[in-house]
Each structure stands twice: as C-alpha cells, then as structure tokens.
Amino acid sequence: MLGSKDKKSRSEEVATGVLNVLGEGTVIDGNLSSNGDLRIDGQVRGDVQTRGKCVLGGSSNVSGNIVANCCDISGVVEGNIKIGDLLLIKSTGKVNGDIKTSKIVIENGGELNGSCTMGGAAPKDTSTRGSDVKQAKA
C-alpha cells in the first residue's frame, strides 16, 4: 500500500556522518547527547553519549561517563566509558574510570586507571566469601 512505510522520527533520521565540534575553551555544564559524531576539544562536566564516534582532543577534559560506538581519547576522562566497538587511548590520553568495550588500543604513554572488561566477558565477582579467602602470612 502506498504511504504505509514506517516513518522514523526526525532524530532517528540524522546521519552519523554529522560532526559536532566543541571547541577549545568551551565549557558545558550538563549532559551532551548526539546521534552524529562528536569532537570535543573543550570541557564537559556531565555525561557524553553518541551513536557515532567520539573524539577527545588533547585539550579536552570530560568529567562524566561516555557512551559511544567508537572513541579516540587524547585528553582526560574522569568517569566510566562504554564503547560498542573500538576504544583508542592515544599517547596523551588519560582515563580515570572503568571501561567496557569490544576492542581497545592503548598507545605507549596512554594511561588507564581503572578496570577494563572486553567483549562479552562478564564482570568478575569481586565479593569476598569467608571460606574462599585465605590470609597471607609472612
């Protein structure tokens, strides 16, 4: 039947090829959400979420969680990161938080201070059970 196609909302039609840039010296206090790619060279005090790629330049600073399909980090992140595909922490990048990603590359000099779960791996049970824990003796 003519005209019976499912119509997507305007926000779903936005192509992931759209690039949003947050320039150096710009500060956002609040969450940032996008359907397209993001490049951040400024500062975000809140969570960042995109369906596309998130690129954090060398002058960037994100104090919040990041959720994206792919992410390249050259700046500083203070928060947890969840990436659907590839996370690249470049030589100047620093992450203070936990990561869940399918694939990760950390260049020489890049920093990760937290835990990393890759692929479909389930998080480890970190609880201590009395019968399972043995105390080390010197």
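Which residue in β8 is the bridge partner of V44? The partner is V62. This is a predicted model, in which local features need pLDDT of at least 70 and side-chain atom pairs count only at pLDDT 80 or more, while totals for chains, interfaces and linings use all residues. Residues are numbered from 1 along each chain as its sequence is written, and side-chain values use heavy atoms, with hydrogens and water left out.

Back to that bridge. Strand β5, residues 43–45, runs parallel to β8, residues 61–62, and two bridges join them. Strands here are DSSP runs of E, at least two residues long, numbered from the N terminus; two of them pair if DSSP finds at least two bridges between them. Both strands sit in an open sheet of six, in the order β2-β5-β8-β11-β13-β15, with parallel pairing. At its edges are β2 (27–29) and β15 (111–113), each pairing on one side only.

Next, β7. Three bridges join β7 to β4, in parallel, and R39 has V55 in β7 as its bridge partner. Four bridges join β7 to β10, also running parallel; there, C54 is partnered with C71 in β10.

Now the core. A nonpolar core is a set of buried Ala, Val, Leu, Ile, Met, Phe, Trp, Tyr and Cys residues joined through side-chain atoms within 4.5 Å, where buried means under 20% relative accessible area (1.4 Å probe, protein chains only). The largest has 20 residues, and I40, V48, L56, I73 and I81 touch the most other members. Strands β4, β7, β9, β10 and β12 each give two or more residues, and β12 gives the most, with four.

Definitions and conventions:
Buried means under 20% relative accessible area, exposed over 50%, partly exposed in between (1.4 Å probe, protein chains only).
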